[in-house]
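Colleague: I have not worked with this structure before. Could you take me through how to read it, one feature at a time?

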Number of protein chains: 2
Amino acid sequence: MSQEKKQSSKEILRHSTAHILAAAVLEMFPEAKFGIGPATEDGFYYDFDLPRTLIPEDLPLLEEKMRALINNNYPFEKREISASNAEEHFAKAKQPYKIELIKDIIAKNSLHQPTDKTQNLKITLYKTGNFVDLCSGPHLDSSGEINPNAFKLTKISGAYWKGDEKNKQMQRIYGVVFETEKELTKYLKAQEEAKERDHRKLGKELDLFHFSDLVGPGLPLFTPKGTIIIDELQKHIEDICRHYGFQKVKTPHLAKIDLFKISGHVDKFSDELFHVTSKKKHEFVLKPVQCPHQTQIYASQNRSYRDLPIRYMESEKQYRAEKSGEVGGLSRVYAITVEDGHSFCRIDQVKEEVRNMIKIIQDFYGSLGLWDKFRVSLSVRDYAHPEKYIGTKEDWDICENMLQEVSDEMNLNAQKREGEAALYGPKLDFMFRDAFGKEIQIPTVQVDFATPKRFNLIYINEKGKKENPVMVHRAILGSYERFLAMLIEQFAGAFPLWLAPIQVSILPVSEKFNDYAEKIRQEIFAADVRVEINNRGETLGKRISEAEKQKIPYMIVVGEKEMKENSVNIRQREKKEQQTMPLNEFIKKIKKEIKEKK
Amino acid sequence: MSQEKKQSSKEILRHSTAHILAAAVLEMFPEAKFGIGPATEDGFYYDFDLPRTLIPEDLPLLEEKMRALINNNYPFEKREISASNAEEHFAKAKQPYKIELIKDIIAKNSLHQPTDKTQNLKITLYKTGNFVDLCSGPHLDSSGEINPNAFKLTKISGAYWKGDEKNKQMQRIYGVVFETEKELTKYLKAQEEAKERDHRKLGKELDLFHFSDLVGPGLPLFTPKGTIIIDELQKHIEDICRHYGFQKVKTPHLAKIDLFKISGHVDKFSDELFHVTSKKKHEFVLKPVQCPHQTQIYASQNRSYRDLPIRYMESEKQYRAEKSGEVGGLSRVYAITVEDGHSFCRIDQVKEEVRNMIKIIQDFYGSLGLWDKFRVSLSVRDYAHPEKYIGTKEDWDICENMLQEVSDEMNLNAQKREGEAALYGPKLDFMFRDAFGKEIQIPTVQVDFATPKRFNLIYINEKGKKENPVMVHRAILGSYERFLAMLIEQFAGAFPLWLAPIQVSILPVSEKFNDYAEKIRQEIFAADVRVEINNRGETLGKRISEAEKQKIPYMIVVGEKEMKENSVNIRQREKKEQQTMPLNEFIKKIKKEIKEKK
C-alpha cells in the first residue's frame with residue numbers, strides 16, 4: 001500500500017509540474033490555447049495550440065520561466081463552479097479545447113445521472129499564478145514544492161487533439177521531474193546511455209542490418225554480420241528444443257484467406273492483413289501468424305494417441321500491415337521472423353509439455369544470463385464470467401491446476417491474474433528486465449482448446465474414438481528482429497563470444513607478416529571460428545581501435561616474435577592485459593569458450 | 001550426321017503410326033472428326049472430335065485394330081491435288097478441322113506468294129486403307145513396316161483445338177512406338193519405375209511434404225522429415241560456399257515495386273508478379289528473384305577496391321504467380337526457396353570468381369555422385385549483332401575469354417553457343433543426367449555488367465575514382481523444391497545416410513527391451529544422429545518391413561543378447577547381412593559415414 005501511495009505522490013508532482021509548464025507557456029504565448037497535460041511514467045506532457053511552431057531553443061526559456069513560477073511559490077488554488085459558469089470562464093479566456101472537454105464531461109454525466117442532477121454538476125478548476133486550468137486534481141499545495149533543479153523539458157513533438165488524425169495537430173512538450181536533482185541526473189545519464197546503446201545507432205555502426213529506400217521501410221535487410229547473430233540464435237534455440245522433442249517444419253508465407261477465417265485471425269487482424277493478388281487472378285494473404293499453417297501439417301496424416309505429443313517449431317517470416325507511421329528500427333517492422341512452436345497433445349500430457357517448455361525458456365534465457373531477473377504471471381479466467389471463454393469448466397479446471405502445479409514445482413511463484421487468460425485457455429507469461437531495468441515480456445506458454453476444434457484436428461484415442469488434441473503454444477525469443485534489437489541494447493553491441501559476428505580479428509604488425517596472418521586465419525577458420533584479418537594499410541593503433549569499436553571479442557596481434565614461435569598475442573575485449581600463447585592452445589581455448597557460450 | 005538421319009527415320013515411324021491410329025479410330029467411330037497427329041519424343045498423339053468420351057478400355061481395342069491394319073500392309077499412298085480439290089474432298093468427308101488447316105495453308109502461302117501462284121498451290125494427301133489424311137509426310141512405304149509388337153497406346157487426355165482454350169476441346173490419344181519389341185519393353189519398364197519414383201508418390205509415402213486445401217496449391221508445407229533434408233542440403237551448400245568466401249544474408253520477401261522496375265523484372269515478369277496491398281494503403285510486390293535485394297546490402301556501405309570481392313548467398317523463398325493450372329508437385333510451385341549467390345567484384349577478379357563458383361558446383365554435385373555425368377555450355381554473344389547486348393566490346397571480349405580460359409584450365413570442354421548469352425553478359429551452364437538419363441540443367445555462372453549499373457553500385461578504385469563492380473551470379477542447386485523432387489526420384493527415396501530424415505530406427509524385439517532401446521536412443525541422439533524407436537505394438541517382422549519401406553539406412557534390433565552385451569544388431573539398408581557390434585563402435589562408424597557423406 002505504501003508503494004502505491006508513493007507512486008501517487010510522484011504522479012501529483014508530475015501533473016503539478018505540467019500546470020507550471022502551461023503557466024510558463026501562457027507567459028510566452030498569451031494567445032496559447034490549451035489541450036491536456038497529464039502525468040507520464042517519468043514526467044508529464046502538455047498539448048498546446050500555439051501561434052508559431054516551437055523550436056528547441058524555446059525549451060530552456062520555458063524552463064527559466066517555470067523556475068521563476070516555482071520560486072514565486074504560487075499556491076494551487078482549487079475552485080468548484082457550475083458547468084455553465086466554467087463554460088463561460090473558458091469562453092472568455094478563448095479556450096475552445098477546454099470548452100469541448102467541459103461539454104464531454106456534461107455529456108458523460110447526463111448518461112449516468114437523472115437530468116435534473118446534471119444541472120448541479122460541479123466542475124473543478126485549479127489556479128496557479130495567472131493560469132487557470134480545468135482539472136480534477138489532486139495537486140501539490142504550492143509550486144514551491146517542486147524542486148527547481150529536478151525537472152527538465154525533454155522533447156517537442158506533434159499530437160492530434162484527442163489522438164484523432166482528423167482533429168487539429170497540436171504541439172506537445174514533454175518533460176521529466178523528480179524529487180531530487182540527483183534523481184534527474186541519474187535519469188538523464190541513463191537516457192544518454194540508452195541513446196548510445198540504441199539498436200538503430202549500433203546496428204548501423206556494427207553493420208548488422210540496413211533499410212533501403214528502394215525496398216521500403218519496415219523491411220530490414222540483414223547484412224552478413226546481422227545474419228550470423230540471427231543464425232546463431234536460431235541454431236541455439238533449435239538445439240535446445242530438439243532435446244525436448246520439437247521437430248522443425250517449413251511453411252510458406254502465403255495461404256488462402258480461408259485458413260485465417262477458420263483460425264479467427266481475419267476477424268481479429270483484418271486491418272493488419274496483407275492481401276496478395278496477381279494478373280492471373282490469384283488471391284492469397286500473407287500469414288500474420290504461424291499456427292494455422294502448422295495445424296495443416298498435423299492434419300496431413302492420421303494420428304493415434306500413441307503418436308502424441310507431436311511438437312513443431314518454425315522460424316519463418318510473418319507479415320503484418322502495421323501503420324506506416326509506426327514502423328521504425330527493428331522494434332516494429334512489416335516482416336517479422338517469428339520463432340514459433342506448438343505441441344499437439346492429449347489433455348493428460350499438457351502438464352509435461354508445459355514443464356518442458358518452461359525448461360526451454362530457462363535453458364535459453366539462462367544461457368544469456370537473464371534467468372535470474374524474471375517474474376511469471378499465471379493468467380486464469382474471470383471466474384464470474386465463464387461464458388466469455390471457449391471450453392468446458394472441467395478442461396479449464398484441469399489446465400489451470402496444471403499450470404499452478406507446474407509453477408509450484410518449479411518455484412516460479414507465478415502471480416495469478418484473474419480474467420487475463422486467452423479466450424481459449426490459461427497461460428504463463430514470463431517477464432525479464434532489460435539493460436535499463438525496463439521489463440520486457442517475451443516468453444509465453446499458452447494452453448489452447450479452441451484451435452484444434454476450429455480446424456477439426458483429430459487423433460484416435462485408446463478406445464478407437466476420435467478426439468481433439470490440445471494445442472500448447474510457446475514463444476521463447478519471440479521475433480528475431482525485436483530480440484536482436486533487445487540484445488544489441490542489452491550488450492551495448494558487445495555480444496557474447498558465441499554470438500559475435502567476428503570472433504577474432506588478426507592484426508599483422510606490418511605487411512611483412514601478412515602471410516603468417518593468412519596462415520593462422522586458415523587454421524582458425526578451419527576450427528569453425530569466425531575470423532578476419534585487418535591489414536588495410538592503417539597503423540596498428542588505428543586498427544586496434546577499429547576492432548575495439550567493432551567490439552570484437554579477441555584481437556590477435558602478430559609480428560616477428562609470434563611468427564618465429566608459431567604463437568599469437570591475444571587481447572581480449574574489455575581486458576587490459578595481453579597474453580601470448582601457441583596458436584593451437586588459443587584455438588582450443590576459444591573453441592571451448594564458444595561451446596560453453598561464455 | 002548419321003545420328004540425325006536415325007532420329008528422322010524414328011520420327012517417320014512415329015508419325016506413320018499416328019496415321020494408323022487415326023485409321024483405327026475411323027473404323028471404331030465412322031463419325032470421327034480428325035485434328036492433327038504429330039510425332040513426339042517417344043511416340044505420337046492424335047486429336048479427335050468423337051461422338052463419345054473415350055474410356056481406358058478403348059485403347060486395347062484400338063491397338064487390335066491398329067495391328068490388323070499393320071498386318072494388312074497398306075501402302076502409304078501420296079497424292080498431290082489443288083487446294084480447292086482438297087477442300088472439296090474434306091468437305092465431302094465432313095472434316096471441318098482439316099478444312100480449317102487447308103485454309104490456314106492457303107492464307108500462309110498468299111502472304112509469301114504472288115496471288116496468281118496461290119491458285120496453283122498443291123496440297124499433299126496420304127491414304128492408308130480407307131483413311132485419307134492431310135499431311136506433308138514423309139511416311140513409311142507401307143503399314144507393314146511397323147512392328148505390330150513394338151507400339152502401345154498409353155494415355156487419353158483432353159486438348160483444345162490448336163491449343164487455344166477458346167476452341168473446342170478434343171480427345172487426344174497418346175502412343176509410343178519403337179523399332180523392336182525389346183525397346184518397347186525397356187521403355188515401359190522405365191516408365192513403371194519412374195512412376196514408382198515419382199516425387200509426389202514418394203513424397204507422400206515418406207511423409208516429406210504436404211499440400212493443404214486450406215493453404216492452397218503450389219504452396220508446399222514441409223513436414224519434419226522434408227525439412228531435415230532441406231536443412232541438410234542448405235547446411236552443406238553453405239559450408240562449401242563459406243570456404244569460398246560467401247557470406248550469408250537475409251532479405252525480406254516484400255519490396256516496393258520500384259526495386260524491380262530498376263532491375264528490369266517488372267518488364268520481364270510482369271505477369272508473374274504477386275502484388276501485396278493492405279487496408280492501410282500499403283503497396284508492395286513479392287520478390288520474384290533475390291538479386292535486387294542483395295544489391296541493396298552492397299549499396300548500404302561505401303566500398304573500396306580493397307573490399308572486393310564481396311560475396312553474398314541466401315536461401316529464401318521467392319514467389320511467382322504461375323498459371324494455376326500448371327502448378328503441381330514440387331516441380332512447379334508459387335513458393336520457391338532459391339539458393340542464390342552473387343559476387344560483386346572488379347573486372348580483374350571475374351576469372352577467379354568464376355573458377356571458385358565452378359569448384360563449388362564440383363564440390364556439391366561431387367558429394368552427390370553426379371559430377372561424372374555432366375556437360376557444360378559456354379553461351380556467348382551473337383557476334384553479328386553486338387547491338388543486342390549491354391556493355392562494351394572490350395568488356396565482353398575480356399569476359400568471354402575468361403570463361404573460355406576457365407573452361408580450358410578446368411577441362412570442362414564447354415561447348416560454345418553463339419547468341420545464347422544473357423543480355424548482360426556471357427555464362428556457363430551445367431547439365432547433369434538424372435536417374436532416367438534425362439538431362440537437367442541447374443547450375444549456372446553468369447557474368448553481369450548491367451545490374452550494378454542499373455542500381456548505380458559503386459566502389460572507389462585505386463585511383464580514388466568511382467567505378468561499377470561486376471556482378472557474377474551463381475546458382476548451385478537452384479530451388480530446394482525442384483532439387484528435392486529431383487533427389488527423391490534420383491534416389492527413389494533411399495537418400496544417402498547424411499540426408500536421410502531418420503538415420504537409425506531402433507526395433508526392440510519385445511516390450512521387455514524398451515528401456516534398453518531408450519537408453520541407446522539417447523546415446524545415439526546425443527551423438528547428433530537422427531534416431532527413432534519403433535515399438536508400436538506390431539510384430540518385429542512388420543516393423544522391419546516398415547523401416548524398409550521408409551528406406552531408413554540403419555535398423556538396430558535389440559533383444560536379450562544385445563542388452564546383456566551393451567551391443568546392437570545392425571541391418572543396413574539394401575544389405576542382407578546383419579552385424580552385431582558394441583554400441584559405441586556403431587556410433588563411431590555411423591558418425592564417420594555421415595561426416596564423409598557416403
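Colleague: Where in chain A does A:P309 lie?

Modeller: A:P309 sits in the loop between α11 (291-298) and β14 (310-319) of chain A. Keep in mind throughout that this is a predicted model.

Colleague: What kind of peptide bond joins A:L308 and A:P309?

Modeller: Start with the general idea: most peptide bonds are trans. The bond between A:L308 and A:P309 is cis, with omega at about -5 degrees. In chain B, a cis peptide bond also joins B:L308 and B:P309, and omega is about -5 degrees there. B:P309 is found in the loop between α11 (291-298) and β14 (310-319) of chain B.

Colleague: How should I read phi, and what is phi of B:A492?

Modeller: Most residues other than glycine have a negative phi. B:A492 has a positive phi, near 50 degrees, and is not a glycine. B:A492 belongs to the loop between α15 (480-491) and β23 (504-508) of chain B. Phi of B:K551 is positive as well, near 55 degrees. That residue, B:K551, is placed in the loop between α17 (540-549) and β25 (554-558) of chain B.

Colleague: Is B:K551 buried or exposed, or in between?

Modeller: The cut-off for buried is under 20% relative accessible area, and for exposed over 50%. B:K551 has 24%, so B:K551 is partly exposed. B:A492 has 16% and therefore counts as buried.

Colleague: Which residues does B:D133 touch, leaving out those up to four places away in sequence?

Modeller: B:D133 touches B:H19, B:Y46, B:F90, B:K98, B:T124, B:L125 and B:Y126. B:D133 is in strand β5 (residues 131-134) of chain B. B:D133 is buried because its relative accessible area is 2%.

Colleague: And where is A:S143 found?

Modeller: A:S143 is in a loop, the one between β5 (131-134) and β6 (151-160) of chain A. A:S143 counts as buried because its relative accessibility is 0%. Leaving out residues up to four places away in sequence, the residues that A:S143 touches include A:I20, A:L69 and A:Y74.

Colleague: What separates the C-alpha atoms of A:F44 and A:V176?

Modeller: A:F44 and A:V176 are 132 residues apart along the chain, while 6.2 Å separate their C-alpha atoms. A:F44 belongs to strand β2 (residues 43-49) of chain A and is buried, because its relative accessibility is 0%. For chain A as a whole, 70% of the contacts with a separation of 6 or more are between residues 24 or more positions apart.

Colleague: Which domains does the assignment give for chain A?

Modeller: The assignment gives domain 1 (3-197), domain 2 (209-251 + 293-489) and domain 3 (504-596). The centres of domain 1 and domain 2 of chain A, taken over C-alpha atoms, are 42 Å apart.

Key:
Residues numbered from 1 in each chain as written. Chains lettered and ligands numbered in written order. Predicted model: local features only at pLDDT ≥ 70, side-chain atom pairs only at ≥ 80, totals over all residues. Heavy atoms only, no water. Contact = heavy atoms within 4.5 Å. Domains from an automatic or database assignment. Helix = DSSP H or I, 4+ residues; strand = E, 2+ residues; numbered from the N terminus. Buried < 20%, exposed > 50% of the residue type's maximum accessible area, 1.4 Å probe, protein only.
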